[in-house]
Amino acid sequence: MGTEQRISGLVADLGALLRERGERLAAAESCTGGWLAKALTDLPGSSAWFAAGLVAYSNDAKRRLLGVRPETLAAHGAVSRETAAEMAAGALKAGRADWSLSVTGIAGPGGGGEAKPVGTVCFAFAGRAQPPETEARRFEGDRRAVRAQSVEYALRGLLQRLRQPL
C-alpha cells in the first residue's frame with residue numbers, strides 16, 4: 001500500500017471516530033504546507049468533523065495566527081516541541097475545536113543543521129481537556145517524502161490518542 005492510500009485510510013478512520021464522538025478537529029501546519037488539511041478534506045463529509053486548517057509557514061504567521069510566543073521562537077526555534085505545542089494550542093482556540101494537531105519541521109533539501117538536520121519534524125496533539133503532547137521525529141528521503149511521512153505520522157498520532165480510554 002502506498003503513502004497516499006495509507007493517508008486516505010487514516011483520514012477515513014479519524015473522520016469516523018470524530019463523527020461518532022461528535023467532535024471537531026483543527027490543524028496547524030508549517031512544513032507540510034496544507035497537505036494535512038488537503039488530506040482531511042479529500043474525504044467527502046469532512047465538514048462534519050474538520051473545523052479549520054491553518055498554514056503558518058513563517059515565524060510571523062506562527063505568532064499572529066497561532067499565538068506562538070516570540071520568546072518560544074527565540075529560545076527554541078520554529079522547529080521544536082515547544083513551538084509545536086503552542087501551534088496546537090493556537091489551532092485548538094482559533095478553530096474552536098475539540099482536538100488539534102500541529103506539524104513543524106525541516107523538509108529540505110536545505111535549512112537543516114547539526115542540531116536539527118533535514119527531516120527533523122516536531123508534532124503536537126492537543127485536546128480541550130488536556131495540554132499538548134509533543135513528539136519529534138527524523139524522517140529520511142527527499143522533501144516530498146519527508147512531508148508525506150509527516151502527514152501520515154500526524155494522523156497516526158492523533159488516532160492513537162483518540163483511541164485511548166477516556
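How many residues does helix 1 have, and how far does helix 1 reach from its first C-alpha to its last? Helix 1 (residues 3–21) has 19 residues and reaches 27 Å. That is close to the 27 Å expected at 1.5 Å a residue, where the expected span is 1.5 Å times one less than the number of residues.

This is a predicted model, in which local features need pLDDT of at least 70, side-chain atom pairs count only at pLDDT 80 or more, and totals for chains, interfaces and linings use all residues. Residues are numbered from 1 along each chain as its sequence is written, and side-chain values use heavy atoms, with hydrogens and water left out.

**Overall fold**

- The protein chain has 6 helices and 5 strands. Both are DSSP runs numbered from the N terminus: helices are H or I with at least four residues, strands are E with at least two.
- From the N terminus on, the elements run α-β-α-β-α-α-α-β-β-β-α.
- The radius of gyration, taken over C-alpha atoms, is 15 Å, close to the 15 Å that the globule rule gives for 166 residues, so the chain is as compact as a globular protein of that length. The globule rule is 2.2 Å times the number of residues to the power 0.38.
- Along the principal axes, the C-alpha atoms fill a box of roughly 45 × 35 × 25 Å.

**Burial and contacts**

- Buried residues make up 49% of the 166 residues. Buried means under 20% relative accessible area, exposed over 50%, and partly exposed in between (1.4 Å probe, protein chains only).
- Take the contacts (heavy atoms within 4.5 Å) with a separation of 6 or more: residues 24 or more positions apart account for 63% of them.

**Helix 1**

- Its buried residues are Ile7, Leu10, Val11, Leu14, Gly15, Leu17 and Leu18. They sit on the same side of helix 1, because they cover an arc of only 165° around the axis. The arc is that of the directions from the helix axis to the C-beta atoms.
- Gln5, Arg19 and Glu20 are exposed on the other side.
- Cover for the buried residues includes strand 1 (25–29), helix 2 (35–41), strand 3 (99–105) and helix 6 (143–163).
- Gly22 follows helix 1, with a positive phi near 70°.

**Ser30**

- Ser30 lies in the loop between strand 1 and helix 2. Ser30 is buried, with a relative accessible area of 5%.
- The side chains of Ser30 and Lys62 are joined by a polar contact of 2.9 Å. A polar contact is a pair of N or O atoms within 3.5 Å; within protein, one must be able to donate a hydrogen and the other to accept it, and residues adjacent in sequence count only if both atoms are side-chain atoms.
- Not counting residues up to four places away in sequence, Ser30 touches Ala56, Tyr57, Lys62, Met87, Val103 and Thr104.
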